[in-house]
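Please look through the model below with me before reading on. My notes follow as numbered points.

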Amino acid sequence: SHSVVLHKYREVARLVQRLPAKQLASSWKELRRSFRQPLSEGESVDARLKAADDRLSFLRMVTPKEAAGPTTNSSRGGKWVYKDGERLENQGGTLRDANGRVVSNWDGKNLDPESV
């Protein structure tokens, strides 16, 4: 139960961190208050977690996405094209050779999973 509450707190805190500066202070206060406030008579941990889930859903809608810095295919995964054993770098868009033809790894054959 303790780990569930801690996980939920951290999940909401990650979203609160990304809020605009004008909402940040009040959102932190609300987060801390809602998790630190003792349970009232008849209130259960499950009810408190349900309220945290509701807040989490709302924050997911209104919180700006994390800013993606400049990345390359190699740092964020993605697709790579190799030709003659050399990795060709894609500068965005479709990779093309000097004649304007699309460069691809696919040679038109199907790969049999049994042969891997």
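1. In what order do the elements of the protein run from the N terminus on? They run α-α-α-α-β-β, where helices (H or I, at least four residues) and strands (E, at least two) are DSSP runs numbered from the N terminus. This is a predicted model, in which local features need pLDDT of at least 70 and side-chain atom pairs count only at pLDDT 80 or more, while totals for chains, interfaces and linings use all residues. Residues are numbered from 1 along each chain as its sequence is written, and side-chain values use heavy atoms, with hydrogens and water left out.

2. Helix α1 (residues 2-17) packs with helix α2 (residues 21-36) at an angle of about 170°, their axes being 10 Å apart; axes are lines fitted to C-alpha atoms, for helices over the stretch in contact, and angles run from 0 to 180 degrees between N-to-C directions. The two helices α1 and α2 are therefore roughly antiparallel, a term for angles over 145 degrees.

3. Which residues of α2 are buried? They are Ser27, Trp28 and Leu31, where buried means under 20% relative accessible area (1.4 Å probe, protein chains only). The buried residues of α2 pack against α1 and α3 (45-62), with contact meaning heavy atoms within 4.5 Å. Over the whole protein, 17% of the 116 residues count as buried.

4. The length of α2 can be checked too: its 16 residues reach 23 Å from the first C-alpha to the last, close to the 22 Å expected at 1.5 Å a residue, the expected span being 1.5 Å times one less than the number of residues.

Key: Buried means under 20% relative accessible area, exposed over 50%, partly exposed in between (1.4 Å probe, protein chains only). Angles under 35 degrees count as roughly parallel, over 145 as roughly antiparallel, 65 to 115 as roughly perpendicular and the rest as oblique.
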